[in-house]
Amino acid sequence: MKEITQQQITAMAPNLAAINNAKKISNSGGFLSRSRSEDDTFYMGQCKGSGRSVYSVSADFIDESQPVFRCSCPSRQFPCKHSLALLFEMQAGKEFEIAEIPEDILQKRARKDAREQKKAEKAESAAAQPKKEKKVNKAARSKKLKKQLEGLEMLEKMVGGLLDTGLGTMGGVSLKTYRDLAKQLGDYYLPGPLFWMNRLILEIEKYQRDSDTSHYENAVDILVRLRSLTKKAEIYLNEKLEKEDMEDDDSILYEELGGIWTLERLNQLGLTKENATLVQLSFDVTYDEAGKTYIDRGFYADVDNGEVHATYNYRPVKALKHIKEDDSMFEVVKTPLLTYYPGDMNKRIRWEKSTLEPVTDEIRRKVMEKAYKQIPAMLKLVKNQIKNTLSDDYAAVMVSFRQIGKIRIAEPEGDAEGTVDGENGKNTKSMQSTKGAKSTKNAKNAKNDSGMVYQYVMEDAEGNRIILRDKKGCEGTMDGLISLSAAALFENQVLFGIVYYDSTDHQMCMQPYSIVTEKAIVRLLY
């Protein structure tokens, strides 16, 4: 009988409600009969519906990476709760009688095989023929690029003026000017800059409400980013016009201006890897107020090379009912074709087909072997990444550590005892265990019962250290780290997290997301 895990069921479900409803059906004995093929590729059952209705439900696993679900119920969800309930019946190990595969299923398989064979023959024939250049309406593309340049010129004047005069008068700025400009950016085919303008407006609104200087700093950062984007984008678009190159390419500027990549185009550009094996290290959900969108983000380690990349699932509030929510993944993902988006250290990734397997000790060991061994070498790469104004202000990395602990630091009016060097983390002062520490919510440092102030740090094999601290604006994880009771987790393991620059005290810091050991990946979030 085929083995299936709850993680696999969750990955196939359209939403949490469907999973909960499917569990209720299975737990309440909703199936009147269950059967399976002798080769374990086909499962089916008769499931009680509302009233006197009885639905025929089936799951076809002839293609492991893309199982086909069928149900006679009128639900528009796919797979429906009855199909998921059938999977829960399998997961529970309930008895399935051996039966022949229905003739109509065999016919559907045959038709599918014929379609795929025809598709393969067509692709093979196309590959053998000289490639025809894709026809591009150059006149229309040229007109669009010129329109974008006009919009960038307008944006550059506004941003340059604000940066030259400063934002000291933010409290009295009329938001109508910014909102009018934002609307115009949409007319100039610049949804990317439009998004950042909306974020700028939000920061100004917040500043006018509470006068918190952090909103001022955020607004300045956005303006710097917009100025960098306008200058780089103007060069990029002018070069394309001069060369009459109207195709979208692998430049990150295409997406920054608002271009949308298709999977087909990314594959055409060669941004792929065959037979990739991935392990999720962390998962989180954030809400982007400017875009009114929920973002499901999963960080994955490539088992072959240790590179850390991320999946992003965007769920606009207006379309929440129609977009499946991502979730934590606790199994190995194997995909025949992994596709990358243009980027640097932590590229966005996606795939169409995949199979799931249990995470083994060997897999975790391979992941651990690929982690950075020295903090200074890691910091050098991270700094080169985040100094690019168009990149994220953090980088996700795995680092091997000798120990994680706390060091006593200076009281506000006392002498420092164990001050950490923000450039390379070097420090020879003694470190104490995190066990028994008293944490303070969203605080940089922690105090024990005697009032002593401590700083949490990670130390590599050579004694280099980096501060461990929650990044402002991110869901906190330090309390979760401090509350871990197993002492073995704080010695000779691998820490995964995001490294960033904290401008409040000019330090490079790391927010921990998970600890990777040979036996488990201990997550501090979901």
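Analyst: Let us begin with V332, which counts as buried because its relative accessibility is 1%. Please keep in mind throughout that this is a predicted model.

User: Where does V332 sit?

Analyst: V332 is found in strand β9, which covers residues 332-340.

User: And which residues is V332 in contact with, leaving aside its neighbours within four places in sequence?

Analyst: With those neighbours set aside, V332 is in contact with T277, L278 and V279, with the run T355, L356, E357, P358 and V359, and with I363.

User: OK, now the nonpolar core. Which residues of the largest one touch the most other members?

Analyst: The largest nonpolar core has 32 residues, and those touching the most other members are L155, M158, Y178, M197, L200 and L257. Helices α5, α6 (175-187), α7 and α8 each supply at least two residues of this core, and α8 gives the most, with 9 residues.

User: Take M197, what does it contact beyond four places in sequence?

Analyst: M197 is in contact with L155, M158 and Y178, and also with L181, A182, L185 and L226. As general background, nonpolar side chains in soluble globular proteins tend to be buried together.

User: What about S142, is it buried or exposed?

Analyst: S142 is buried, because its relative accessible area is 15% and the cut-off for buried is under 20%. S142 lies in helix α5, residues 138-165, and, not counting residues up to four places away in sequence, it touches L241 and M246.

User: Switching to aromatics: how many pairs are in the whole structure?

Analyst: A search of the whole structure finds 11 aromatic pairs. One of them joins Y254 and W261, whose ring centres are 4.6 Å apart with 55 degrees between the planes, and this pair is tilted. W261 counts as buried at 5% relative accessibility, whereas Y254 counts as partly exposed at 21%.

User: Why is the pair of Y300 and W351 called edge-to-face?

Analyst: The planes of Y300 and W351 stand at 85 degrees, with the ring centres 5.6 Å apart, so the pair is edge-to-face; planes over 60 degrees apart fall into that class. The pair links distant parts of the chain, with Y300 in strand β7 (residues 293-302) and W351 in the loop between β10 (349-350) and β11 (355-357), 51 residues apart. Y300 is buried, with a relative accessible area of 5%, while W351 counts as partly exposed at 23%. Elsewhere, Y43, F61 and F96 form one aromatic cluster.

User: And how many salt bridges does the structure hold?

Analyst: The structure holds 25 salt bridges. Among them is the one between D284 and R297, whose closest N and O atoms are 2.6 Å apart. D284 lies in strand β6 and R297 in strand β7, so the pair ties together parts that are 13 residues apart in sequence. D284 is buried, with a relative accessible area of 5%, and R297 also counts as buried, at 10%.

User: Which loops does the salt bridge between R469 and D505 link?

Analyst: The side chains of R469 and D505 meet with an N to O distance of 3.0 Å. R469 is in the loop between β16 (465-468) and α13 (478-483), and D505 is in the loop between β17 and β18, 36 residues apart. R469 is buried, with a relative accessible area of 2%, whereas D505 is partly exposed, at 29%.

User: Last one: which residues make the nonpolar surface patch of about 320 Å²?

Analyst: That patch is made by Y287, Y294, V317 and L320. Y287 lies in strand β6, residues 272-288, and counts as partly exposed because its relative accessibility is 40%.

Technical notes:
Residues numbered from 1 in each chain as written. Predicted model: local features only at pLDDT ≥ 70, side-chain atom pairs only at ≥ 80, totals over all residues. Heavy atoms only, no water. Patch = residues over 30% accessible without salt bridge, like charges linked within 9 Å, V, L, I, M, F, W, Y side chains within 5 Å. Areas by Shrake-Rupley, 256 points an atom, 1.4 Å probe, with all protein chains shown as cover. Salt bridge = Lys/Arg side-chain N within 4 Å of Asp/Glu carboxyl O. Helix = DSSP H or I, 4+ residues; strand = E, 2+ residues; numbered from the N terminus. Buried < 20%, exposed > 50% of the residue type's maximum accessible area, 1.4 Å probe, protein only. Contact = heavy atoms within 4.5 Å. Core = buried A, V, L, I, M, F, W, Y, C linked by side-chain atoms within 4.5 Å. Phe/Tyr/Trp six-rings, centres within 6.5 Å; stacked < 30°, edge-to-face > 60°.
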